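Hello,

Here is the structure that I promised to pass on to you. Please open it first and keep it beside you while you read the notes that follow.

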Amino acid sequence: MPESAARITIEKAGSHAGELVEIAGWLYNLRKSGKIAFPLLRDGTGILQCVAVKSSLDEAVFESLRNLTQESSLIVRGRIRAEPRAPGGYELDVEGAEVVQRVPEATPYPITPKDHGTDFLMDHRHLWLRSKRQHAIIRVRHEVIRAIREYFDTNGFTLVDTPIFTPAACEGTTTLFEVDYFNDEKVYLTQSGQLYNEANAMAFGKVYCFGPTFRAEKSKTRRHLTEFWMVEPEMAYATLDDVKQVAEELIVFVVGRVLENRRVELEALERDVSKLECVKAPFPRISYDEAVETLRKKGSAIEWGGDFGGTDETLLSEDYDRPVMVDRYPSQIKAFYFQPDPVRPELALGVDVLAPEGYGEVIGGGQRIHDLELLEKRLDEHNLPREAFEWYLDLRRYGSVPHGGFGMGVERFVAWMCGLEHIRETIAYPRMLYRIRP
RNA sequence: UCCUCAGUAGCUCAAUGGUAGAGCAUUCGGCUGUUAACCGAAGGGUUGUAGGUUCGAGUCCUACCUGAGGAGCCA
């Protein structure tokens, strides 16, 4: 190219109106007439309509653009101009173009602008990510993760990541992925960083871990992945009420950030943002007892002592315009480490936060047992091997204090933000019961 | 693991038990303002696999494979 032009991104095109610029990207789509062509250029930050006019372009350049194939990579040089007829309000008058790689006609880009089925799209997930909708979802995910980190980083939490290979289970062993370690030893992919988090909280006060977790559940629903990302805060000297407070603040903060910074993406997803604008403190707080009563009035078959099904969660949350917090579940349906309620010891000081619009449980947590004898008793009741938990019991021997925390599933949160039907679109390469490729 | 539904061209879908078709994509031709552009033409098929019923099966029956939706379990 003879004259140098500043390389810009499409996201910033509006602020370069009238300037000669260069954009490097891929051909999203092409509309053409005989002597004028409209290549839609995609660069990862947005999509820009370019205008190539035969009479004002080098013949070879015009022909190369006019016959370009979908998703070919190219660098375009030209002038940005405000144009009401163009999608996005701006377009680029092409003065020069260099095709970096031309997609051959014999092997055209498989994802056309028309409809495709789920199976086909999932098989082409590596290419599907280039589509507008998937692009918007992943950018919302990034915003959610960034906001989560910022919330904890600015509120006195220290990031202490927990191991992914673990020797024992937090909960049952049926939902663990087993891995061959050295010397014929079996280890498991983590289900939760919680036990380690508790140790870290005794060292740092307030901590969080953030990483992938794995569940070998044979769940085949729109809310499940076998590999998903979870953020887990844990706080020393904290009670159930403190846990609820942090959960509420976190959700309000993250939703606020998404609304503030990802309007364009939410619009592309046709998300009803008024639903998200309702998410303000305080969240309604109800007890498990009240929840069961409400559900039975609504016709659910749930009995006291049972856990909620997916439809129960939807029934519970439909009365509220913001997340609802349900606490004090029967201990029998909760993990061994939950602190019992001092007034009614058959209840666990645990809380679940149910997102509105049927998005279900996005947070689960509570206060942990800090008494050594009680914890030992619970390990026995759950038939868990004492020796594997010796280090965990140490936390109750050396300066034990009331403490608690929770886990928040990133993908369910993103699905809620984006208003998605299925969780599989919230992560670049979803891992599900029957799908581990690409 | 269980229940329900679906598998036909590269993709999305049609086709009373009786000659397998359309749109998109691809190729060729046309068009100077297109908005998933449009108009004309061409190529493209072992109807998921294996059996069975029938004069005749994409269509009916059985088994299996693959996928989707739901249940249980969970974030």
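**Salt bridges and what they join**

By the rule used here, in which a side-chain nitrogen of Lys or Arg must lie within 4 Å of a carboxyl oxygen of Asp or Glu, the count comes to 48 salt bridges. In one of them the side chains of Glu 411 and Arg 141 meet, with 2.9 Å from N to O. Glu 411 belongs to helix α13 (residues 410–418) and Arg 141 to helix α4 (residues 132–153), so this pair ties together parts that are 270 residues apart in sequence. Helices (H or I, at least four residues) and strands (E, at least two) are DSSP runs, numbered from the N terminus.

Before going further, please bear in mind that this is a predicted model, in which local features need pLDDT of at least 70 and side-chain atom pairs count only at pLDDT 80 or more, while totals for chains, interfaces and linings use all residues. Residues are numbered from 1 along each chain as its sequence is written, chains are lettered from A and ligands numbered from 1 in the order in which they are written, and side-chain values use heavy atoms, with hydrogens and water left out.

**The two domains**

Chain A is assigned domain 1 (6–101) and domain 2 (125–426), with bounds that come from an automatic or database domain assignment. The C-alpha centres of the two domains are 46 Å apart, and eight residues of domain 1 are in contact (heavy atoms within 4.5 Å) with five residues of domain 2.

How much area do domain 1 and domain 2 bury between them? The value is about 510 Å², with 42% of it on carbon and sulfur atoms; buried area here is the accessible area (1.4 Å probe) that two parts lose on being put together, summed over both. Of the area that domain 1 buries against domain 2, 53% is supplied by Tyr 28, Arg 42 and Gly 44, more than by any other three residues.

Two salt bridges are found across the interface of domain 1 and domain 2. The side chains of Arg 139 and Glu 11 also meet in a salt bridge, at 2.9 Å from N to O.

**Around the RNA**

RNA strand B is surrounded by 50 residues, of which the closest are Asn 29, Glu 105, Pro 113, Arg 222 and Arg 412; a residue counts as near if one of its heavy atoms lies within 4 Å of the strand.

**Backbone details**

A cis peptide bond joins Ala 281 and Pro 282, with omega about -5°, and Pro 282 sits in the loop between α8 (273–277) and β13 (285–287). Another cis peptide bond joins Arg 437 and Pro 438, with omega about 0°, where Pro 438 lies in the segment after α13. Finally, Arg 328, in strand β14 (residues 324–330), has a positive phi of about 60° although it is not a glycine.
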